[in-house]
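Please read it alongside the sequence and the coordinates.

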Amino acid sequence: MRQPPPDPAAAPVAEAAAAVRTVDGLALLLRDLRRRHARGRQDSPLTYRELASRTGWSQTAIAEYFTARTLPPTDRLDGLLELLGATPAEQRALATARDRVEEAARRERRRATPRPRTAPPAGAAVPGADAPLTAGVLPGPGAGGPPAAGAAPVGGAAAASAAGVLPGAGAAVPGAEVPSAAGVLPGPGTEGLTAVGAAPVGGAAAVSAAGVLPGAGAAVPGAGVPLAAGVLPAAGAAAAVGAPPAPGVAAPRQLPAPPGAFVGRVHELALLDDAAGAGGVCAIGGMGGVGKTWLALHWAHARRDRFPDGELHADLRGFDPGGRPAAAAAAVRGFLVALGVAPAAVPAGAEAQAALYRSLTAERRMLVLLDNAFDTAQVTPLLPGGTGCTVLITSRRRLSGLIAAQGARTVALGVLPADDAHEVLARRLGRARLDAEPGAAADLVACCAGLPLALGIAAACAATHPDLPLATLAGDLGDDARRLDALDGGEPRADLRAVLSWSGRALSRDAARGFALLGLAPGPDVTPAAAAHLLDLPPAAARALLRELDHAHLVQRHAPERYRMHDLLRLHAAEQARTQLTPAGQRAAVRRLVDFRTEAACASARLIAPHQPPLFAGDTTPPPGSAPPGRASGVPAPAGAAICRTVPGMPAPGDSVRGAPAPGDTAAGRALPGAALAPGEAPGNPAGQGAAMDWFGGEHANLLAAQQAARAHGWDEQVCRLAWALDPYHRSRGYYAEQAAAWELAVESAERLGESGVRARAHQMLGDACALLGRTGDALRHLGRALELAGSGDPAVRGEIHHSLGGAWERHGDDRLALEHALRALALFRELDDTYRQARALNAVGWLRTRLGDHAEARADCLAALALLRRHPADRRQLGESSTLDSLGCIAHRRGEHELAVAYYGEALAICRAQGHSHLAADVLRHTAAALLARHRTDEARASLVRARAMLLAQHRLAEAEQVDREIADLEGSLGAGA
């Protein structure tokens with residue numbers, strides 16, 4: 001027997017860890033430790049579920065760590081190593097290996113990222129800009145003589161204020177647009193304040209109304225930048241307009257205090273290092289409260305050594321309680337003063353001031369932090385000259401003009417992952433308090449939805465009420481109707497509703513209405529076509545509105561043609577809708593969207609399963625054995641009809657087989673008003689069958705939400721139609737829990753509608769889903785009820801119910817009774833001369849006969865089924881054919897014909913690959929491995945199992961993936977023993 005390849009994990013772990021360079025290598029050592037741990041306790045390896053129970057993490061996360069899909073965070077790796085009994089030396093070696101892998105990935109990202117473009121020199125033309133950045137000629141350094149024409153006189157002039165509103169003293173709040181600044185504030189009406197120790201300008205005393213001088217670097221009311229100590233000339237000194245600062249002027253250090261309790265953002269910090277670390281312009285964008293200023297200040301303080309000539313800072317008040325952005329000219333004047341220019345020496349014109357500012361920064365290595373910018377026009381005059389300065393901008397807008405004209409780099413800021421959000425609360429409230437109520441802490445994290453400002457407000461509420469249980473606060477946040485009220489800290493910048501509202505002030509009237517209506521949309525996202533129906537707008541207008549909201553970071557285009565809204569923004573938008581619209585207007589908007597999604601889903605379902613029996617009596621049905629009108633070729637098999645016998649993990653036997661209305665009709669045979677499909681929204685031709693499956697993949701969560709909305713509003717026909725439309729997709733992908741949930745709602749609605757045919761079909765389909773979930777008692781009860789409702793009516797309906805009963809009784813453990821029902825279904829389908837249904841029934845009969853030991857008859861049945869399927873147009877996607885080939889492989893394997901079994905499985909797998917039947921492919925690979933092992937082809941068997949495990953994990957079939965993992969471990973153990 002061929003020996004297995006050497007396993008690097010077989011060497012001592014610490015020694016093997018030194019060679020690890022990839023996530024795969026690290027995962028391999030984790031799996032080796034898991035097996036070693038099992039040998040040490042003389043038991044099977046800990047399952048993902050057991051590991052999840054011991055660590056408190058999700059099964060999916062643990063599976064991804066052991067299968068190299070995700071690099072474990074440092075703290076989680078430490079926890080796993082301790083749990084699996086690693087020695088201290090092994091823990092150190094593996095921790096070092098993990099850091100090495102992460103650093104390699106970071107270097108690779110840096111190599112793949114182009115270097116940023118820098119701002120043009122003073123006076124240079126900017127491609128695509130509305131106007132040149134500067135005008136006029138600047139005096140050289142040290143130039144004497146009279147002031148330039150139009151310049152303000154020297155002496156007696158009050159220092160011009162720059163942009164900005166002073167926050168309260170203290171550290172920055174995570175997610176707040178403006179961090180607080182320390183310092184003593186002068187009283188109202190104070191003019192011409194200088195820094196401590198500087199002589200007053202023109203003899204004016206720089207004393208506040210309270211009689212207190214601000215400290216060096218303290219902020220002045222109305223100035224977006226604080227004054228630096230020693231920047232003004234001494235009393236009586238000559239001060240020519242535009243003159244350079246006096247020698248020995250201290251470099252400005254205007255950054256507000258560093259933020260406390262900063263957590264995470266490792267990827268974004270690396271992007272900032274690449275984008276802004278060596279000069280250039282970088283814009284941090286994101287919704288209000290997402291932590292743009294928090295990130296910018298943390299990065300800036302951590303990299304202060306890169307900027308020996310100082311830092312400039314201005315709050316541009318782009319989105320602010322005052323409602324009016326700061327003037328760029330005022331910020332420029334504040335920067336000039338900070339750079340050592342006497343207020344009286346500042347040129348009079350805005351262009352001359354900007355030119356002087358660029359001249360003074362052209363040869364310096366400085367950081368310019370422009371916080372809370374409104375748009376590109378506000379930022380452009382504040383860009384320094386030369387290439388040595390780095391400009392870091394935060395804004396709720398995308399600043400596309402800055403990116404186009406200046407080559408600015410962008411960092412799009414999203415929400416914090418759950419682990420980092422939990423860490424924010426832990427650092428503010430203490431780990432002991434969170435550990436005392438872990439469930440409530442997890443609820444707080446979930447309710448804040450990763451938004452740093454929301455976490456900061458929640459933490460402040462908990463900190464100011466130390467005796468209040470976290471569960472009480474979590475209960476307030478858990479109620480959608482009260483969540484925004486609970487996230488009100490009593491001050492404008494600590495009131496999430498207020499902070500979010502500032503973004504809405506900058507929207508056009510139509511965009512504000514659209515934003516409100518999008519808050520009513522059921523589901524996680526919308527396409528432009530869906531938005532057009534919700535908003536009752538032409539498609540082009542809906543697209544333009546979505547673009548405006550995307551530029552304002554009020555929606556996010558997270559995929560092509562898909563826009564989503566943050567959970568807390570959605571609550572705020574829904575509040576706006578309730579304020580702006582009547583209840584009837586809100587209901588009408590939701591109905592337009594539900595109708596559109598129902599129609600689109602039905603159209604796509606007819607492509608996937610053109611022979612699926614209709615749900616309502618008014619539906620048109622093609623003759624038995626024929627394709628629907630206009631679709632004589634290229635039609636797919638019914639999703640789920642592939643497997644007519646019922647083995648664990650396979651689609652149910654009660655699959656769809658008959659036709660449906662032509663595209664453009666609803667399931668009831670009548671068009672929905674205003675629900676015409678946009679091009680590409682739902683495929684409408686045979687060539688689009690694969691696109692139909694992709695469409696369902698993208699819209700799945702939206703369709704489930706639409707069904708829930710239809711139920712809440714009492715739209716029973718839409719509830720039933722959505723269950724009908726989703727069924728082929730659910731069967732094809734193995735989403736049996738979702739399938740059962742959808743049909744449970746449909747059964748409720750069908751009972752209210754009162755149509756016996758609809759009631760019978762809903763009970764039958766729910767019975768199928770229950771059988772697939774192992775709830776055979778529920779399955780038999782619903783199928784029995786379906787048979788009662790069908791009575792002696794349509795033989796096709798009765799045949800389908802018997803077909804389903806065969807599958808349910810098989811799972812219940814009675815193969816003989818299952819065969820009786822399968823034979824009854826076959827007889828009814830033969831009476832109808834429905835060859836496609838006969839093929840499905842023959843496959844089911846053959847499968848049950850081989851389970852009962854009658855392999856010869858079973859093979860004859862399945863071969864007959866295969867012959868019918870191969871010449872029937874309804875199986876164009878060959879799902880039924882691949883299922884029957886899998887049945888024939890199982891029969892051959894049970895007969896001891898293992899090479900023939902491998903051949904059948906190979907044919908089935910080739911079809912699965914070509915047609916995208918990934919759910920069936922995973923099971924065929926497992927069956928293939930069993931046949932290969934019977935022929936002692938162990939290497940190929942192991943490869944099949946590894947591929948099956950990867951597919952099962954991708955399909956979230958975690959229990960089956962663990963079983964395959966155990967099979968692989970057993971196989972590797974036997975290989976080791978054989979060696």
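A residue is called buried when its relative accessible area is under 20%, exposed when that area is over 50%, and partly exposed in between. By that criterion arginine 317, at 18% relative accessibility, counts as buried in this predicted model. Arginine 317 belongs to the loop that runs between strand S2 (311–315) and helix H9 (328–338), and although arginine 317 is not a glycine, its phi is positive, at about 50°.

A second residue with a positive phi is alanine 449, for which the angle is near 55° even though the residue is other than glycine. Alanine 449 sits in the loop between H15 and helix H16 (452–464), and because its relative accessibility is 16%, alanine 449 is likewise counted as buried.

**The chain as a whole**

The protein has 979 residues, of which 53% are buried, and its secondary structure consists of 38 helices and eight strands. Of the contacts between residues at least 6 apart in sequence, 72% join residues at least 24 apart. The accessible surface comes to about 38000 Å², and carbon and sulfur atoms account for 54% of that area.

**Two helix pairs**

Two packed helices are described by the angle between their axes and the distance between the axes. The table gives these values for two pairs.

| Helix pair | Angle between axes | Distance between axes |
|---|---|---|
| H27 (residues 736–753) and H28 (residues 756–772) | about 155° | 8 Å |
| H15 (residues 438–448) and H17 (residues 470–478) | about 30° | 9 Å |

On the side of H27 the contact is made by Tyr736, Gln739, Ala740, Trp743, Glu744, Ala746, Val747, Ala750 and Glu751, while H28 contributes Val758, Arg759, Ala762, His763, Met765, Leu766, Ala769 and Leu772. Sorted by class, the contact of H27 with H28 comprises twelve nonpolar, two polar and three charged residues.

For the other pair, the angle of about 30° makes H15 roughly parallel to H17, and H15 passes H17 in a crossing that is left-handed. Here Ala440, Asp443, Leu444, Cys447 and Cys448 of H15 meet Leu470, Ala471, Leu473, Ala474, Leu477 and Gly478 of H17. The residues in the contact of H15 with H17 divide into nine nonpolar, one polar and one charged.

**Two buried helix residues**

Histidine 898 lies in helix H35, which spans residues 898–915. With a relative accessible area of 18%, histidine 898 is buried, and when its neighbours within four places in sequence are left aside, its contacts are with Ala892, His893, Ala931, Ala934 and Arg935.

Valine 964, in turn, is part of helix H38 (residues 958–978), and because its relative accessibility is 0%, valine 964 counts as buried. Leaving aside the neighbours within four places in sequence, valine 964 is in contact with Arg926, Leu945, Arg949 and Leu952. The C-alpha atom of valine 964 is separated by 7.7 Å from that of alanine 948, although the two residues are 16 residues apart along the chain.

Technical notes. Residues are numbered from 1 along each chain as its sequence is written. This is a predicted model: local features need pLDDT of at least 70, side-chain atom pairs count only at pLDDT 80 or more; totals for chains, interfaces and linings use all residues. Side-chain values use heavy atoms; hydrogens and water are left out. Axes are lines fitted to C-alpha atoms, for helices over the stretch in contact, and angles run from 0 to 180 degrees between N-to-C directions. Helices (H or I, at least four residues) and strands (E, at least two) are DSSP runs, numbered from the N terminus. Contact means heavy atoms within 4.5 Å. Ala, Val, Leu, Ile, Met, Phe, Trp, Tyr, Cys and Pro count as nonpolar, Asp, Glu, Lys and Arg as charged, and the others, Gly among them, as polar. Buried means under 20% relative accessible area, exposed over 50%, partly exposed in between (1.4 Å probe, protein chains only). Accessible areas come from the Shrake-Rupley method with a 1.4 Å probe; for residues, only the protein chains shown count as cover. Angles under 35 degrees count as roughly parallel, over 145 as roughly antiparallel, 65 to 115 as roughly perpendicular and the rest as oblique. A crossing is left-handed if the near helix is turned anticlockwise from the far one by less than a right angle, and right-handed if clockwise.
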